[in-house]
Amino acid sequence: GRTLAVCLRAILAQKLPRDCYEIVVADAGSTDNTLEIAHACGVDKIVENPLKTGEAGKAAGIQASSGDLIALVDSDNILPEPEWLQRMTAPFADAQIVASEPIAYTVRKEDPALTRYFALLGMNDPLCLFTRNYDRMSMVTGKWTGLPVPQEDKGDYLKLKLSEDALPTIGANGFVFRRTLLKHVKWEPYFFDIDVMHQAVLAGFAHVAKVKTGIVHLYCARMEDFMRKQQRRIRDFLYFAQAKQRTYPWDRQKRSGIVLFCLSTV
């Protein structure tokens with residue numbers, strides 16, 4: 001509830017007619033004012049998320065939706081401009097494009113220092129800077145990724161051709177994709193975004209648009225929040241990896257980058 005109202009208001013402020021899109025909220029047993037906010041904002045559907053994780057919530061929301069294009073907008077995301085949906089969906093006029101994602105995190109002066117730090121860094125984990133595996137514009141490097149991804153400038157977006165050897169962690173915070181892609185990937189009961197894109201590339205769907213816009217990500221306001229989220233991410237990854245439910249090739253991370261990160265931290 002802390003961020004949901006501003007998230008939904010930004011969606012409702014889009015210039016597209018309201019009947020051109022639907023808003024589906026997945027609720028994992030909230031005990032705050034989440035449901036009241038969702039009802040007050042006039043969302044189209046509220047669905048239960050009994051498995052309670054974010055990945056399960058995405059899957060539940062996708063199941064309940066009906067559009068040909070699906071946009072994953074987290075409750076801590078804010079669309080930064082009224083034309084955002086139009087710009088993010090425009091690349092799909094190219095039949096090869098299967099997904100689109102903002103090229104940057106939007107930086108706002110009023111946000112907490114740590115939130116601005118991660119937005120400027122272009123990633124939620126500084127380790128990614130050293131392994132070069134990130135997917136948003138970084139003010140440190142001046143690039144949106146450190147991986148050798150073939151790309152073609154189409155004006156308002158970059159048309160990428162991904163491969164298993166050059167596959168940034170694409171799939172969250174404003175990720176838009178064709179519903180038809182779901183036929184070729186494993187996404188139930190957990191929608192692991194980077195795994196879905198990995199499986200899509202293996203299935204031959206490799207063209208993605210990086211739109212030259214941003215999205216606000218209210219990731220962490222305090223160091224305690226960052227530590228808690230990192231611990232949860234590590235715990236969840238180890239659990240699902242042991243259960244052989246994750247496919248993204250993390251073992252291809254450059255070990256030299258990990259060593260350099262450790263030395264820099266020390």
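This is a predicted model: local features need pLDDT of at least 70, side-chain atom pairs count only at pLDDT 80 or more; totals for chains, interfaces and linings use all residues.
E101, D135, R136 and K210 are tied together in a network of salt bridges. In general terms, side chains of opposite charge can pair when their charged atoms come close. The count of salt bridges for the whole structure is 17, and a few of them are worth a visit.

One of these pairs is made by D44 and R18, whose side chains meet with 2.9 Å from N to O. The two residues come from distant parts of the chain: D44 sits in the loop between α2 (34-41) and β2 (45-48), while R18 sits in the loop between α1 (4-12) and β1 (24-27), 26 residues apart. D44 counts as partly exposed, because its relative accessibility is 41%. R18, at 29%, counts as partly exposed too.

Another pair brings together K229 and D76, with 3.9 Å between the closest N and O atoms.

The relative accessibility of K212 is 34%, so K212 counts as partly exposed.

Back to K229, and to the helix that holds it. Helix α8 runs over residues 223-242, which makes 20 residues, and spans 29 Å from its first C-alpha to its last; at 1.5 Å a residue, 28 Å would be expected, so the two values are close. Which residues of α8 are buried? They are D225, F226, K229, Q230 and F240. Looking down the axis of α8, these buried residues fall within an arc of 125 degrees, and so they line one face of the helix. As a general point, an α-helix has 3.6 residues a turn, so residues three or four places apart point the same way. Part of the cover over the buried residues of α8 comes from α5 (113-121). On the face turned away from the buried side, the exposed residues are E224, Q231, I234, R235, L238, Y239 and Q242. Just past the end of α8, K244 takes a positive phi, at about 60 degrees.

R132 belongs to the loop between α6 (127-131) and β6 (151-153), and it counts as partly exposed because its relative accessibility is 36%. N173 is not a glycine either, yet its phi is positive at about 55 degrees. The loop between β7 (157-161) and β8 is where N173 is found. Is N173 buried or exposed? With a relative accessibility of 5%, N173 falls under the 20% cut-off and so counts as buried.

The backbone has another feature to point out at E188 and P189, which are joined by a cis peptide bond with omega at about 0 degrees. P189 lies in the loop between β8 (175-178) and α7 (193-202).

Turning to the strands, S100 is part of β5. The relative accessibility of S100 is 0%, so S100 counts as buried. Which residues does S100 touch, leaving aside those up to four places away in sequence? They are M88, F92, G174, F175, V176, V208, A209 and V211. S100 and L158 are 58 residues apart in sequence, but from C-alpha to C-alpha they are 9.6 Å apart in space.

On the surface, V107, L120 and M139 form a nonpolar patch, with about 260 Å² of accessible area together. V107 comes from the loop between β5 (99-105) and α5. At 38% relative accessibility, V107 lies between the 20% and 50% cut-offs and therefore counts as partly exposed.

How values were computed
Residues are numbered from 1 along each chain as its sequence is written. Side-chain values use heavy atoms; hydrogens and water are left out. Helices (H or I, at least four residues) and strands (E, at least two) are DSSP runs, numbered from the N terminus. Buried means under 20% relative accessible area, exposed over 50%, partly exposed in between (1.4 Å probe, protein chains only). The arc is that of the directions from the helix axis to the C-beta atoms. Contact means heavy atoms within 4.5 Å. Patches are made of residues with over 30% relative accessible area and no salt bridge: like charges are joined within 9 Å, nonpolar side chains (Val, Leu, Ile, Met, Phe, Trp, Tyr) within 5 Å. Accessible areas come from the Shrake-Rupley method with a 1.4 Å probe; for residues, only the protein chains shown count as cover. A salt bridge is a side-chain nitrogen of Lys or Arg within 4 Å of a carboxyl oxygen of Asp or Glu.
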